[in-house]
Amino acid sequence: MSLCPFNSTIEGNELEQPTDLDKWIVWIGWDDGRHRYQTNGVILAEKIILTSYAPDLMKAPKSIGRIVYGETKMPDIFRKENVINWSKSINYIADVLSPNATDIQLALIKLNEPIKLKSPDVEAIELPDRQPDENSDCVVIGKGTILGDYIVKIKATIVHKSICKEKFPELDENNTVCIITQGDMTDGPHCRHYQIGAPLICDGLFAGLVNWQPRCTSNITICTSVCTLQQWIKRSVRIINAFSLYSPYAKYVVWYGRRRSGVIKQYGFGIIITKNIILTHHIEYVEDAEVRGARLAVYGYPYAVNDKSNVVYVEWTNYTNYSDNLKPPRYEPQIGLIQLNEDINLHDEFATTIPLPVGGRNLRKCVVLFYKYDVIYEAPVKVIPKKECKRILPELYEDSICINWKDVDKGFNHCKNLIGGAPLICGDELAGIVSEQRPCDYVKPRPCVDVFKFRKWILSNLKSDIWPRLFWFSIEHSYSTPRQLLTRPLSVRVPFVGVTKDDKLLESLAYKYI
């Protein structure tokens, strides 16, 4: 990444000066569906940003968060390679929508992808080993006012703790640093000078971050000290690094589609039930598929098509649907099976099979998987009672599960965010498969196929694949016949419902080992 040196683009003035410390700075933005916010922060590590305040967007699935790094100016259109999405944050004071000016304000953001730190224009900041004093030479690095939207250094003077405490009686003076714009000692707002989350640098050391101050009525700016809160920062970095940004159920999922001329078009989600069989919704017929491009299934990681370095592709040709319709039938069962042309490399953490339900399901604590920022997330849903669903969708078939978002919203709803084939997981077990709805009304429930009700159809289509695999497994493990596998301990017999008692046990064993 090659960036133009900042100093060659603008000239400074008495208050604002060009700086090469823009290498530490990121622009942070998020959209909560109603408002857009923009702050600054600093790069602490390749996937960690330190700022003054950032909401935890994992708790707000419809919200959008991004950072921009390696830019000396916040342009209207920025380079895509310098933009990274984020969802997870940890705040020093948790669950606060708008912190008070005198609160201790520190927040860590975990990025969905790492920053490229190898560039000379992008660098992680170091935590300080001492506190600044009143005689320190200080600047704030952030968005300029006089010099437009460039990142600049703005002169600052540290205010004595007693003066700051008198001005803000609720202030924790041990964990804050108060500053004033140099040459601006009169009463007057400081907000035009200092950006929220901008770092305070004193004698070359990272001293603090400018606080979020909802009401800007004083010429004094409060910064949260970094030196005194290093233990919290280091402990929280360990916590947020250990946090998984994607759903733990992502390992059960593939998405499938086709590739033509290097462009991938997604058709839907699928669920791994054997290492070469995908359970999904209705697979739409594509006329002259060879001309229209290769059919692909992608598995093995939570990110979608944009991060091509992690994509694992498997081609497929054969499939079968429960319905004979060419397109997904709106009010009929949508369930299908895809046979992959080669086996998935199963891995307990990244790509593995999910057992089919065996009955006694509890349709509570249900979630569905969906894409957000090209990551597979989960969202809680409510199961609509059958009578109510039938009243709203009278043409819908009987053996279905109806769901909807717990909080229906125009900006975040099942029509906009769910795709066909997405799994419905209830109590850590597979319960249903989301059906396609065209056209879709987000106020009305979304139908899902009840997998338990269609298990016999699934098994009947798997049998031709199960028996040969079971035979070769028995030969490889020194059993003379597949039936001798029944002598193995019951602990290896995964519950699996078949047609007869022998089929049940054999298919159970086959499902365990294929």
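These legends describe close-up views of a predicted model.

**View 1. Arg 455, a buried charge without a salt bridge.** Arg 455 belongs to helix H5, residues 455–476. The nearest side chain of opposite charge is Asp 450, 7.8 Å away. A polar atom of the Arg 455 side chain lies 2.8 Å from the backbone oxygen of Phe 452.

**View 2. Thr 51 in strand E4.** The strand covers residues 48–51. Thr 51 is buried, with a relative accessible area of 0%. Its side chain reaches the backbone oxygen of Asn 40 at 2.7 Å.

**View 3. The salt bridge between Glu 284 and Arg 438.** The N to O distance is 3.3 Å. Glu 284 sits in the loop between E16 and strand E17, Arg 438 in the loop between strands E24 and E25, 154 residues apart. Both are partly exposed: Glu 284 at 23%, Arg 438 at 49%. The two also belong to a salt-bridge network with Lys 327 and Glu 436.

**View 4. The salt bridge between Asp 399 and Lys 453.** N and O are 3.5 Å apart. Asp 399 lies in the loop between helix H3 and strand E22, and Lys 453 in the loop between E25 and H5, so the pair ties together parts 54 residues apart in sequence. Asp 399 is partly exposed at 33%, as is Lys 453 at 37%.

**View 5. A negative surface patch.** Asp 133, Glu 134, Asp 137 and Asp 203 form the patch. Asp 133 is in the loop between strands E7 and E8. Its relative accessible area is 44%, partly exposed.

Terms used:
Residues are numbered from 1 along each chain as its sequence is written. This is a predicted model: local features need pLDDT of at least 70, side-chain atom pairs count only at pLDDT 80 or more; totals for chains, interfaces and linings use all residues. Side-chain values use heavy atoms; hydrogens and water are left out. Helices (H or I, at least four residues) and strands (E, at least two) are DSSP runs, numbered from the N terminus. Buried means under 20% relative accessible area, exposed over 50%, partly exposed in between (1.4 Å probe, protein chains only). Lys and Arg count as positive and Asp and Glu as negative; His and the chain ends are not counted. A salt bridge is a side-chain nitrogen of Lys or Arg within 4 Å of a carboxyl oxygen of Asp or Glu. A polar contact is a pair of N or O atoms within 3.5 Å; within protein, one must be able to donate a hydrogen and the other to accept it, and residues adjacent in sequence count only if both atoms are side-chain atoms. Patches are made of residues with over 30% relative accessible area and no salt bridge: like charges are joined within 9 Å, nonpolar side chains (Val, Leu, Ile, Met, Phe, Trp, Tyr) within 5 Å. Accessible areas come from the Shrake-Rupley method with a 1.4 Å probe; for residues, only the protein chains shown count as cover. The place of a charge is taken as NZ of Lys, CZ of Arg, CG of Asp or CD of Glu.
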